[in-house]
Amino acid sequence: MADMATNTLSRRALDQIWPPAALLVGLLVVWELACRLLGIAPYILPAPSAIWMAATTNSAALAFHTGVTMFEAVTGFVIGSALGAILGTGFAYSRFLERGFLPFIIAANTIPVVAIAPIIIIWFGHGMASKVAVTAFLSFFPLALNMMKGLQSYDRVVMDVFHVAAATPWQRFWKMRLPGALPYVFVGLKLNVTFSVIGAIVAEFVQADRGLGFVVMTAYRSMAMPRLWAAMLISALMGILFFLIIAALERLFVRWHASVDETR
């Protein structure tokens, strides 16, 4: 039985991996051939081989900058998600809070991050704290809305059963409303985790002496386009990795929901 389960999981993992892997290999081959055969200048579009060379040359420095951005993104994601969960819960339980504060939060979320980042950097200084603050600012809003929507979307019949059983408000929250909100919560977390990478890199664009955003800006100024593309692709891989971690947690905690279909 254990071997059968392992084989089933392996087949499912293979089914998930091979389509994007095959597409990626095909894209890289076409990309490399186009750059070589058409003579595309590296400053317009560097070949994958040139990007790989830029990534592996002085890879220790690039790994350091990647670690800095990853720390900023993860820290900002955790803080922003926690704030979003608290705000969303408050909005779900208080009509006054929802009507009073939600319009201002929506207005704040419409401000471009490149506009708010310099202000946050002035407030928090030029160190890592300002990058974390920008990341948290960008990544709290989706979870706040999804938490509110999830907590408000409970089954009325199930709520009546809890009332009949004389369940306390805490019991209704932990055993009925929060579990029912988890599918919405994970949608917000998936959005947050990608926004966290964007927020960290944009904050590094504005002012930084380390991180992938710093690498992109310095590479752009020196026209080292293969290194710029390497930093950009690493940030994309970081976002994909974070998204896959949240998706794995979703399959672990919300496996009962129709949105998590293990047979697909």
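Begin by selecting R177 and Y93: R177 lies over the face of Y93, at 4.5 Å from the ring centre. A charge sits over a ring if NZ of Lys or CZ of Arg is within 6 Å of the ring centre and within 35 degrees of the ring normal. The model is predicted, so local features need pLDDT of at least 70 and side-chain atom pairs count only at pLDDT 80 or more, while totals for chains, interfaces and linings use all residues. Residues are numbered from 1 along each chain as its sequence is written, and side-chain values use heavy atoms, with hydrogens and water left out.

Rings of Phe, Tyr and Trp (its six-membered ring) pair if their centres lie within 6.5 Å; planes under 30 degrees apart count as stacked, over 60 as edge-to-face and the rest as tilted.

Six aromatic pairs are found in the whole structure. Select W31 and W229, which form an edge-to-face pair, 5.5 Å centre to centre with 65° between the planes. W31 lies in helix α1 (residues 2-37) and W229 in helix α11 (residues 225-253), so this pair ties together parts 198 residues apart in sequence. Helices (H or I, at least four residues) and strands (E, at least two) are DSSP runs, numbered from the N terminus.

Is W31 buried or exposed? W31 is buried, with a relative accessible area of 15%. Buried means under 20% relative accessible area, exposed over 50%, partly exposed in between (1.4 Å probe, protein chains only).

Return to Y93 and F173, a tilted pair at 6.2 Å centre to centre with 50° between the planes.
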